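Thanks for coming. Please have a look at the model on the screen, and then I will go through it.

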Amino acid sequence: MAMHMSKVNEDIDKGNERSADAWGEAMKIAAVFAIDPISLGGVLLRSPAGAARDAWLQCLRQLLSPDTPLRRIPHQVSDARLLGGLDLSATLASGRPIAENGLLADCNGGVAIVAMAERMSDATAGRFASALDFGELVVERDGMSFRQAASFGVVLLDE
């Protein structure tokens, strides 16, 4: 689902009828996505930062179940933070390798919000696509190999 909200953002305070129609459409998309974000996959929200985009995101938060994980992920996130890897402090404390969850695994069962998604690298986009396609991450890094559940919906903010 894609929603273009830049015109809504410009006219939200003007009472423009076209904006009201676009806002109603945006609310329908939020409501449908909130029902089952994992099955629907994602929403592309084209809008500059502003009142309309913030209101839409707040509405989505309210429509989602209260126990639904909602995580913001920066577009320039490192692989170590996105996928997980070796938890150095836990490894040193235990004397054996301990895996740390990445942001995608933290989103399991919920929604990832990616700001400036249009600037996301191809490699990062590929990691998102793989997780969305398979519902899990296969992580092989830092001398470790493990699988993590990663079923989530995504809201891509295209500014």
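Residues are numbered from 1 along each chain as its sequence is written, and side-chain values use heavy atoms, with hydrogens and water left out.

Confidence comes first. pLDDT is the predictor's confidence in each residue, from 0 to 100. The protein chain averages 87, and 89% of the residues score at least 70. Over residues 2-13 the pLDDT stays under 50. Where pLDDT is low, the predicted coordinates should not be read in detail.

Now the fold. The chain has eight helices and nine strands; these are DSSP runs, helices being H or I of at least four residues and strands E of at least two, numbered from the N terminus. There are 159 residues, and 41% of them count as buried, where buried means under 20% relative accessible area with a 1.4 Å probe, protein chains only. Of the contacts (heavy atoms within 4.5 Å) with a separation of 6 or more, 71% are between residues 24 or more positions apart.

What lines the largest pocket? A pocket here is an open set of points on a 1 Å grid over the protein atoms alone, where a 1.4 Å probe fits, with protein on both sides within 12 Å along at least five of seven lines; lining residues have an atom within 4 Å of a point. The lining includes L83, R127, F134 and R141. Strand β7 (136-141) and helix α8 (122-134) each supply at least two lining residues, and β7 gives the most, with six. By class, five lining residues are nonpolar, one is polar and four are charged.

Helix α8 also holds T124. Is T124 buried or exposed? T124 counts as buried because its relative accessibility is 5%. Leaving aside residues up to four places away in sequence, T124 touches H75, V77 and L82.

Last, the cysteines. C107 is buried, at 0% relative accessibility, and C59 is buried too, at 17%. The structure holds zero disulfides, a disulfide being a pair of cysteine sulfur atoms within 2.5 Å.

Conventions
This is a predicted model: local features need pLDDT of at least 70, side-chain atom pairs count only at pLDDT 80 or more; totals for chains, interfaces and linings use all residues. Ala, Val, Leu, Ile, Met, Phe, Trp, Tyr, Cys and Pro count as nonpolar, Asp, Glu, Lys and Arg as charged, and the others, Gly among them, as polar. Buried means under 20% relative accessible area, exposed over 50%, partly exposed in between (1.4 Å probe, protein chains only).
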